[in-house]
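Trainee: I would like a close look at one part of this protein. Please take me through it step by step.

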Amino acid sequence: MTYYSRLGSASIVLLIVTLQPLFAEETVDVPEKAIGDKLAEAKVHSCENSDERVGTLTLLERVSEEGIKLVDVELEIFGESLEPGKHAVHIHETAACTPCSAAKGHFDPGPNSNSSPDGNHPFHMGDLPNIEVDENNRGRLWTTTSRITLSDGPLSIFDEDGSAVIVHVGADTYCPEGEKAGCAGGARAACGVIKRVE
Ligand SMILES: [Cu+2]
């Protein structure tokens, strides 16, 4: 299966993003039978020039041995428009990228939803680790989140208005001092509407 191979083999050690604390890391061996078939993809384009492709997001939902839905996230950045360094990455709440502001705030379904990018950060369901772009304008983020699902349910990114991925101009500081303008990465550099891969 093409997409499966892009995400690596089932025996590869994965980084797990747990709910509390946000970026605590642990390594697990994912058993072969835990791999699911829920796939989604976004073609990521520059916010300055929507004709310029700068990357690809791939999401794969699988179910852990204990029954928790996990989504493997792979973001590849290429092209020339993203500067070397760290860039914030989030799932935003609407499947629209023209203009990039149409993606609205951070994906954060209820009951206590607060999608304000620099408020309630990094506690949105769509918050993800930074991607690091190298001197050749290439970068790769590979992580796992249990904050979203591709399948139906209260955390599904395929809600009524869908979702998009945004890569920001700046790094995400995760707003350690609370709400502060730009603390979640500032302006938007690239965007991709997330679509199911059937
Ligand atoms: Cu964002």
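Among contacts in the protein chain between residues at least 6 apart in sequence, what percentage join residues at least 24 apart? And please look closely at Leu 141: is Leu 141 buried or exposed?

Mentor: The percentage is 63%, counted among contacts between residues at least 6 apart in sequence. Keep in mind that this is a predicted model.

Start with the whole chain. The secondary structure comes to 1 helix and 11 strands. Read along the sequence, the pattern is α-β-β-β-β-β-β-β-β-β-β-β. The chain has 198 residues, and 40% of them count as buried.

Now your residue. Leu 141 lies in strand β9, which covers residues 139–145. Leu 141 is buried, because 20 other C-beta atoms lie within 10 Å, and the cut-off for buried is 20 or more. Next, its contacts. Leaving out residues up to four places away in sequence, Leu 141 touches Val 73, Leu 75, Val 89, Pro 129 and Ile 131. Look also at Glu 74. Glu 74 and Leu 141 are 67 residues apart along the chain. Their C-alpha atoms are separated by 5.6 Å.

Turn to the nonpolar core. The largest one has 43 residues. Those with the most contacts inside it are Ala 164, Val 165, Cys 191 and Ile 194. Several strands each supply at least two residues of this core: β3 (38–46), β4 (53–63), β5 (69–77), β7 (89–92), β8 (131–133), β10 (164–168) and β11 (188–196).

Take Ile 194 from that group. Again leaving out residues up to four places away in sequence, its contacts include Ala 40, Ala 42 and Leu 57. Ile 194 also touches Ala 95, Ile 157, Gly 162 and Ser 163. Ala 164 and Val 165 are touched by Ile 194 too.

Last, the strand pairing around β3. β3 and β4 run antiparallel, joined by 8 bridges.

To return to your question: Leu 141 is buried, sits in β9, and touches residues including Val 73 and Ile 131.

How values were computed. Residues numbered from 1 in each chain as written. Predicted model: local features only at pLDDT ≥ 70, side-chain atom pairs only at ≥ 80, totals over all residues. Helix = DSSP H or I, 4+ residues; strand = E, 2+ residues; numbered from the N terminus. Buried ≥ 20, exposed ≤ 12 C-beta atoms within 10 Å, placed from the backbone. Contact = placed C-beta atoms within 7 Å. Core = buried A, V, L, I, M, F, W, Y, C linked by C-beta atoms within 7 Å. Pairing = 2+ DSSP bridges.
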